[in-house]
Amino acid sequence: MKIILVADVSIQNVIGGAERVLFEQAKRLFDRGHTVYILCRRLRKHTQPFETICGVDEWRFGIKYNNAVASLVSSTRKAKILFEALHRKVNFDCINFHQPFSSFGVLQSAYAKNIPKVYTCHSLSFEEYISRNPKPFTFFKQLYFNLNIFSRKWIERRVLKQSDRIVALSRYTLDKLHTAHGISDQKVTIIPGAVDVDRFYPVSNKQPIRHTLGIPPDKVVLLTVRNLVARMGLGNLIHAMQRIIATIPDVELVIVGEGPLKPELESLSVRLGLRGTVRFTGYISESFLPDYYRMADFFVLPTRELEGFGLVTLESMACGVPVLGTSVGGTKEILGPFNPDFLFNDTTPDAMADLIIKTYRKMKNDPEWYHHVSRQCRRFVERNYSWERNVDALEGLFLKLVADKPC
């Protein structure tokens, strides 16, 4: 097949779950012999409009970043122009949309009408906007805020309605598609996210890795890997740490990631007397990320809202590191079947502190229990969450749509 994946993100740098899914699926479809193109926005960090990454041709269209209106108008027009140029050259069999704005531009082309279209829903765009942007107080800013929500929701709905099938990574996302956009369950296929078990794997001795990364060898290390934005609940986790170290002082929290809340979170940790107990690493390159998982004793997922799936949960478990998480979104669908005892009662600092302290004591009192759980984590993702299984389902969906296409 000749497949084009249409996205608002790029696989040049994998900095989040959306990029990870796009990269893994594109690369593995290419490895299976398909012709794979990515069409996406040319981000500010891009130095060129075209790049081949792991055999996949990523084509980028420029947009105006002056304001939201200019960005949308230029994105729509230039996505359409680039798609048409590529389609005349390649004649695509299938389109896989990954985010709404570039996809909306492609749908303006008459060429797209008769090509089977699948939309992979990572999250709802308008909900992400609400989560990332506090509601303003002045009239005109409120008007702008509400227009942004309306336009994002309208565009997303148009793309969803014009797609032949929709892929959701979790039941949680499927339910949101139905509630927010009236999408029938029959139109949605759930294909869970996955993990590269050859890249993320356990080690028997964490100490050499800790030495290399500058992590104390004698601490119980809690790790979280997150974009530093409000919905991730990192402020609650830092507040929980104040109570945790008062009870079990040999614990350190390592926060991997970048984002607009970093200065605020760093300041909070200092105010709470956690200097030296909460460590911010900033952005970590893909090559070092598996070692950060491997050196940890527990991974903590303090998400407050909108956890569409949670690839980091699988990456940690693949490394044999148990995950303690809030019962939000896709996290519940992973940890519930594995062991519901690893879910916090709620998203508050007290709930996090209670379970972390309880689990710490269990590990200290029964080291064999921890080793057993570690092995269970690895086996669980191997059985249920490989990328091969994910791409098998996606490829099958594409093939069926192409085969059923009217002549």
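Residues are numbered from 1 along each chain as its sequence is written. Because the model is predicted, local features need pLDDT of at least 70 and side-chain atom pairs count only at pLDDT 80 or more, while totals for chains, interfaces and linings use all residues.

Me: At roughly what angle do the axes of helix α2 and helix α3 cross?
Reply: Two packed helices are described by the angle between their axes and the distance between the axes. Helices here are DSSP runs (H or I, at least four residues) numbered from the N terminus, and axes are lines fitted to C-alpha atoms over the stretch in contact, with angles running from 0 to 180 degrees between N-to-C directions. The axes of α2 (residues 68-90) and α3 (residues 100-107) come within 7 Å, and they cross at roughly 55°.

Me: Which residues of α3 make the contact with α2?
Reply: Contact means heavy atoms within 4.5 Å. On the α2 side the contact is made by L72, S75, T76, A79, K80 and F83, and on the α3 side by F101, S102, F104, G105 and V106.

Me: How many of the residues of α3 are buried?
Reply: Buried means under 20% relative accessible area, with a 1.4 Å probe and protein chains only. The buried residues of α3 are P100, F101, S102, S103, F104, G105, V106 and L107. Helix α3 is thus mostly covered, with buried residues numbering 8 of 8.

Me: Against which helices do the buried residues of α4 pack?
Reply: In α4 (residues 125-132), 6 of the 8 residues are buried, so this helix is largely enclosed by the rest of the structure. Those buried residues are S125, F126, E127, E128, Y129 and S131. They pack against α3, α5 (139-162) and α6 (171-181).

Terms used: Side-chain values use heavy atoms; hydrogens and water are left out. Helices (H or I, at least four residues) and strands (E, at least two) are DSSP runs, numbered from the N terminus. Buried means under 20% relative accessible area, exposed over 50%, partly exposed in between (1.4 Å probe, protein chains only).
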